[in-house]
2 protein chains.
Amino acid sequence: MSSYTAPIRDMSFVINELAGLDAVTALPGCEEVGAELVEAVLEEAGKLAASVLDPLNHAGDRNGARWTEAGVIAAPGFKDAYWQFVEGGWNGLACPVDYEGQGLPELLGTATHEMWNAANMSFALCPMLTLGAIEAINHYAVDALKDAYLPNMVSGRWTGTMNLTEPQAGSDLAAVRSKAVPDGDAYRITGQKIFITWGDHDMTENVVHLVLARLPDAPPGVKGISLFLVPKFVLDADGAPATRNGVHCVSIEHKLGIHGSPTCVLAFEDAVGYLVGTANKGLAHMFTMMNEARLKVGLQGVAIAERAYQQARWYANDRVQGRTVRDRGEARSPIIGHPDVRRMLLTMKAQTEAMRALAYTTAAQVDIARRHPDEAERRRAQARVDLMIPIVKGWSTETGQDVTSIGIQVHGGMGYVEETGAAQYFRDARITTIYEGTTAIQANDLVGRKLAHDRGSAMQALLADMRATLAELADAPGDDLAAIRAGLAPAVDALAEVTDWVVANHETDPAEVLGAAYNVLMLAGCVCGGWQMARAALAATRKLVAGDDPAFHEAKLLTARFYAEQILPRAGALLTGAKAGARTLMALAPEQF
Amino acid sequence: MSSYTAPIRDMSFVINELAGLDAVTALPGCEEVGAELVEAVLEEAGKLAASVLDPLNHAGDRNGARWTEAGVIAAPGFKDAYWQFVEGGWNGLACPVDYEGQGLPELLGTATHEMWNAANMSFALCPMLTLGAIEAINHYAVDALKDAYLPNMVSGRWTGTMNLTEPQAGSDLAAVRSKAVPDGDAYRITGQKIFITWGDHDMTENVVHLVLARLPDAPPGVKGISLFLVPKFVLDADGAPATRNGVHCVSIEHKLGIHGSPTCVLAFEDAVGYLVGTANKGLAHMFTMMNEARLKVGLQGVAIAERAYQQARWYANDRVQGRTVRDRGEARSPIIGHPDVRRMLLTMKAQTEAMRALAYTTAAQVDIARRHPDEAERRRAQARVDLMIPIVKGWSTETGQDVTSIGIQVHGGMGYVEETGAAQYFRDARITTIYEGTTAIQANDLVGRKLAHDRGSAMQALLADMRATLAELADAPGDDLAAIRAGLAPAVDALAEVTDWVVANHETDPAEVLGAAYNVLMLAGCVCGGWQMARAALAATRKLVAGDDPAFHEAKLLTARFYAEQILPRAGALLTGAKAGARTLMALAPEQF
């Protein structure tokens, strides 16, 4: 098994050349962030990921979290690692300074989150959920609640959870049944929640649950759901965790992967809870934290792909087998010399780099949307972020899953043996297309709320940016950039065509468009990734002209070309599939399946 | 968790309408096989698969086979099930009558093997390996060995294994180091073999290993490898297992899946063995059994896809969640009403049916190649079989893996929980693209030995058959067949184009072609599958005209249309990828990855 090394050189390239660090550091509140600070943070985060989190990953998979009557026990070593993480100040890196956060840009936080997830996805889920909860509390809770909970959550001394799902209410949250009954200033929450990530554990003194439930007079459906804060321990007058609340973990799931992350069934029985935001607006409030979480789950796709790639690359250099086609002599070579092993590695590398570029550029837009002094600019950035959320989440998790599967394949038989590690990434990755909204939910969000709702205008703005890159490519020299342009141009046309098709058909035949939504999502991701790779190729060419690190930048250029030649042609197939529509889909009766 | 039901109606459709049962039953030795016998065999096999093998599958996964000092203990219940299998006469169904086999067509054997693998892939591996060993012994061993071993192996009273891999010799068998030293009429074998499926167990009295090893005077490389039969127990004068031989299982692997199938490290120490076939020709002999095994592994792709599909279909009908887009009322519906769930189910169904049709039609060609009285016809059929082996193996296992992943996705969060069963199929399937030659090995076989070697003539014959189907479609009525033709025609052109490209470039630039091999393989599979679906659509249309079972045949027609609309467009992308060639692949130095 290889060990994880944070790909700092690649991350810096994306942060500086593609995501636009300059524009982010120019934002109010980011004045002290410079390239040097960024490098220093990445170096330190990389050390923690490699030396503390990564070594626990395989053991966490083997041993898992453990349920006991008294509560869930985190996997061996996780508690110590968590406290190193907290004490290093990593939890609140991109959190508001008002509540003990460091207020650094989301762009930088995104890079560190990639590291945590690549090193140990099960571990990283815990702070990820905490950040989502912080986001919702910070947006919607009254000051007293913020003051009581946020400092301890931002620091990481307490962790947070999202309690949405119930047995009958998965993707369909309208079916939520948990109840909240007023009790003085507070409420009493009763119900059962399932699939609660890090819903209970022994790493921290308190766990802060955000819970969807219905008030007694609530209307049915999604318009009758409210959001409550339910602490594991109710605080005393000094704000210290004191009274055990009526929320208990009754079991944890036996899952395909992320064994180090306890997935809890939580029973709420008359648990003390506090309303967050407006009564009956809970679902909308929850979506605030879900959007944040969706970007981070998309990033998990990047992270697990990077980890699988590192493992496969290591094995391909280490494993000697056969002679390469160009050297049929007696000496055997590392398998990285074989064309198909290279095809697999480059497919992993190209897609990982495309996903990273997309996730980081979106994170930079989050910073602009939050901090830019000009409201029009904030609104423009937010529109881009909203458009990108389902793409980053849906496409990067599907692609990350594919990359981990290729990672096994590079190893041959050794990939199927658990000790190698490749199989764990494949198992861990498989949840990412499901939680925080399945790929279908992302696809419906993209075609419905993101394309049809604004009649394609956010997408048109994105397409205009892509066409600007195509124009740059047209003026640029060299065979590689020409090949990239040849791959990208028809793919951008395909995305434009499918956008028009969605806008034209969504109102008249929503089933037609929903049936095509997955194809539209995958097409959008494929093309957005190709666009970012083209931008990377242009940036790399500039560096090559300047004589800057030729080996690194030549690899960037060729990897972009590989993406254009091997991945972008899929856009045409996805367009054809999308436009075939849903008639064939809907024609069969259930019993004809 | 759903239970397995053998899809006998689908299997009969393929056997009768696509694979050509009539032509098979007209073959010498098959005179007594008629449609009724076929139905009766399928019914009985389906019962065994559903009532005996399927109920052990999940427990076999959970408990697995167990290593002990004294030998491997099969998973609970497997031994009893195995003896029901043996006593039913299932092992020798398609084996030679000379050795207690029933001499039934491979076409029928293929259908039963799909059932064993769908119900319990770990279990089915044991008879699969035995059949491969029977094939090699029957082809190459002297009569005394055949008489001593085949009756007990054909009946299943003893099982067989294939011992190829060593730690340094995986895909590269030239690196085999195990030694064989002459000892009277026999040999003494010493060495270590890894990844030996069902290499040891307690289900039968004897295990018959076929082992690759080198004689003392053997030339280096692949031309110095011989094949030996090494029994776990050496037979006494009466032919009964008597003396424990020097072959022991020193450990079993901890794998991602197929936990019920022990994957053994075998230590051979001075083990008594018998030469099978000609000295130094062992690799060629082994390929005889490997070709047989490759078709059966391809069939595992079909089987595990069918099983995953049945599970997903069951869940999609059972799980109530949300309201469908066409019925926005208050009542919630089973998720099979949602367009994207239908897209997933139809992707599973269409690809499973395409794979099945391809595997079964190839099996019918195996029967013709073995039994047809006309040598030219035998040779024609064998050329088709040789061409199809890498496609059935490579494409069906890659596709089967994809189908099991979609199977998880249909379940949402429940798919990630091991109790549901979907995750097991996903884990079990993952080995199929690796063993019996990885997908890359299949792809190299296709472009090198199968396309370039005969300058594309076997593929040209296949393309001519496809064009005949296109002509039939052109004359056929209806919107569905027109849509199928519109999808198939450019895909067939793409396959023709890539064939010419391989033939033209293989000699001058083998690296270029090897770099494209995976794309060529997947293109060939995608188009062959589409062709079979088009044939199915034509057959279904004939049945619909005759008023025969409209619901069933309408589903066949629409599923074929779905394949043409959603799967066949990939052919264009794969062609573009293939023709992009290997230059980009080979340009990076290992340290640039």
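**Salt bridges and the A–B interface**

Over all chains, the count comes to 68 salt bridges, a salt bridge being a side-chain nitrogen of Lys or Arg within 4 Å of a carboxyl oxygen of Asp or Glu. This is a predicted model, so local features need pLDDT of at least 70 and side-chain atom pairs count only at pLDDT 80 or more, while totals for chains, interfaces and linings use all residues. Residues are numbered from 1 along each chain as its sequence is written, chains are lettered from A and ligands numbered from 1 in the order written, and side-chain values use heavy atoms, with hydrogens and water left out.

In chain B, E114(B) pairs with R356(B) in a salt bridge at 2.8 Å, N to O. The two sit 242 residues apart, in helix α5 (residues 106-119) and helix α9 (residues 339-371) of chain B, where helices are DSSP runs of H or I, at least four residues, numbered from the N terminus. Both E114(B) and R356(B) are buried, that is, under 20% relative accessible area (1.4 Å probe, protein chains only).

Turning to the interface, the contact (heavy atoms within 4.5 Å) takes 91 residues from chain A and 90 residues from chain B. About 7,800 Å² is buried between the two chains, 61% of it on carbon and sulfur atoms; buried area is the accessible area (1.4 Å probe) lost on putting two parts together, summed over both. Two salt bridges cross this interface. One salt bridge joins R332(B) to D172(A), with the closest N and O atoms 2.5 Å apart. On the side of chain A that touches chain B, helix α16 (residues 550-567) gives the most, with nine residues.

Definitions and conventions
Buried < 20%, exposed > 50% of the residue type's maximum accessible area, 1.4 Å probe, protein only.
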